Amino acid sequence: MHTFQPYPIDLIEFDPFTKIGSEWMLITVKSKDKVNAMTASWGGVGVLWGKNTAFIFVRESRYTKELIDESDYFSLTFFDSSYKSAMKYFGVVSGRKEDKIQTAKMNVNYYDEIPFIDEGNFVICCRKMSATALLPEDFHDSEIMDKWYKNGDLHTMYVGEIMQILAR
């Protein structure tokens, strides 16, 4: 296992458009004895309800959604570019069918009870604060449904309080 150190949130130089949108992240969650991770490229960080927060979007069909709904915590793990093919794998294979973390030859580490992927180099550990299902009637731009949700597999937005940031 690698050694991770807490990183002060006020020292972060974090470009969410690149880190999340282009380089992607793994959302990792544990429920009971099952840990799963999935690739995500939608989300962000900011301040909400007087707290430092991260927000993510998970489709209804994803196995990770079942686990995150049962859990109080999730993490966002970021990697260097050498892990891009692994990130693609985590985005297309379901954890319902196999242990993706083991198959990818990666390891789970923990900050308190929050799981994250040990091979990453930067981790945002979160306590789930809210879950909001996106509904077709909530979109003011009709192109969103046509472009992103033709099959009806909408996202739930999760907001988590940032409990700790870790760097390797």
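**Cores, cysteines and the largest pocket**

Leu-76 contacts Met-25, Leu-26, Ile-27, Ala-54, Ile-56, Phe-122, Val-123 and Ile-124, leaving aside residues up to four places away in sequence (contact: heavy atoms within 4.5 Å). The model is predicted; local features need pLDDT of at least 70, side-chain atom pairs count only at pLDDT 80 or more, and totals for chains, interfaces and linings use all residues. Numbering runs from 1 along each chain as its sequence is written, and side-chain values use heavy atoms, without hydrogens and water.

The largest nonpolar core holds 22 residues. Such a core is a set of buried Ala, Val, Leu, Ile, Met, Phe, Trp, Tyr and Cys residues joined through side-chain atoms within 4.5 Å, where buried means under 20% relative accessible area with a 1.4 Å probe, protein chains only. Met-25, Ile-27, Ile-56, Leu-76, Phe-78 and Ile-124 touch the most other members. Another core lies apart from it, with 12 residues, including Ala-37, Ala-86, Tyr-89 and Ile-117.

Zero disulfides were found in the whole structure (cysteine sulfur atoms within 2.5 Å). For Cys-125, the nearest cysteine sulfur is that of Cys-126, 7.3 Å away. Cys-125 is buried, at 0% relative accessibility. Cys-126 is buried too, with a relative accessible area of 0%.

The lining of the largest pocket comprises seven nonpolar, four polar and three charged residues (nonpolar: Ala, Val, Leu, Ile, Met, Phe, Trp, Tyr, Cys and Pro; charged: Asp, Glu, Lys and Arg; polar: the others, Gly among them). A pocket is an open set of points on a 1 Å grid over the protein atoms alone, where a 1.4 Å probe fits, with protein on both sides within 12 Å along at least five of seven lines; lining residues have an atom within 4 Å of a point.

How values were computed:
Buried means under 20% relative accessible area, exposed over 50%, partly exposed in between (1.4 Å probe, protein chains only).
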